Amino acid sequence: MSRALQHYKIERGQAEVDLRRAGLELSDAITKETFCEEKAAKSQALQNKAWEKLNRTTIDTLRSIHAILDERQRERLCGLVSGMSPWG
């Protein structure tokens with residue numbers, strides 16, 4: 001589980017970097033004399049790619065964790081994910 005969570009943390013960090021880069025690209029599109037459609041589109045593509053990759057990583061991480069949990073642990077995880085108290 002440690003390996004799966006470590007991989008997730010790394011990918012989440014990379015997504016944050018990519019989203020910052022996308023924000024800078026959009027900022028650049030806005031600050032020009034004329035709105036730059038190309039930079040705005042590039043920003044959107046970067047954002048989409050970052051979120052898609054993070055979504056895939058999230059599902060992969062949950063799949064890995066699920067595989068090693070017993071029924072009681074899965075129920076507690078479900079409570080955490082759904083926002084309910086996992087303690088009953």
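The accessible surface of the protein amounts to about 6900 Å², of which 55% belongs to carbon and sulfur atoms (Shrake-Rupley method, 1.4 Å probe). The structure is a predicted model, in which local features need pLDDT of at least 70 and side-chain atom pairs count only at pLDDT 80 or more, while totals for chains, interfaces and linings use all residues. Residues are numbered from 1 along each chain as its sequence is written, and side-chain values use heavy atoms, with hydrogens and water left out.

The protein contains 3 helices and 0 strands (DSSP runs of H or I with at least four residues, and of E with at least two, numbered from the N terminus). Along the sequence, the pattern is α-α-α. The radius of gyration is 18 Å, well over the 12 Å that the globule rule gives for 88 residues, so the protein is more spread out than a compact globule (C-alpha atoms; the rule is 2.2 Å times the number of residues to the power 0.38). Along the principal axes, the C-alpha atoms fill a box of roughly 60 × 25 × 15 Å. Buried residues account for 20% of the 88 residues (buried, under 20% relative accessible area; exposed, over 50%; partly exposed, in between; 1.4 Å probe, protein chains only).

Ser 82 lies in helix 3, which spans residues 71-82. With a relative accessible area of 46%, Ser 82 is partly exposed. The side chain of Ser 82 reaches the backbone oxygen of Gly 79 at 3.4 Å. The C-alpha atoms of Ser 82 and Thr 58 are separated by 15 Å, the two residues being 24 residues apart along the chain.

Notes:
Polar contact = N/O pair within 3.5 Å; in protein donor to acceptor, adjacent residues only side chain to side chain.
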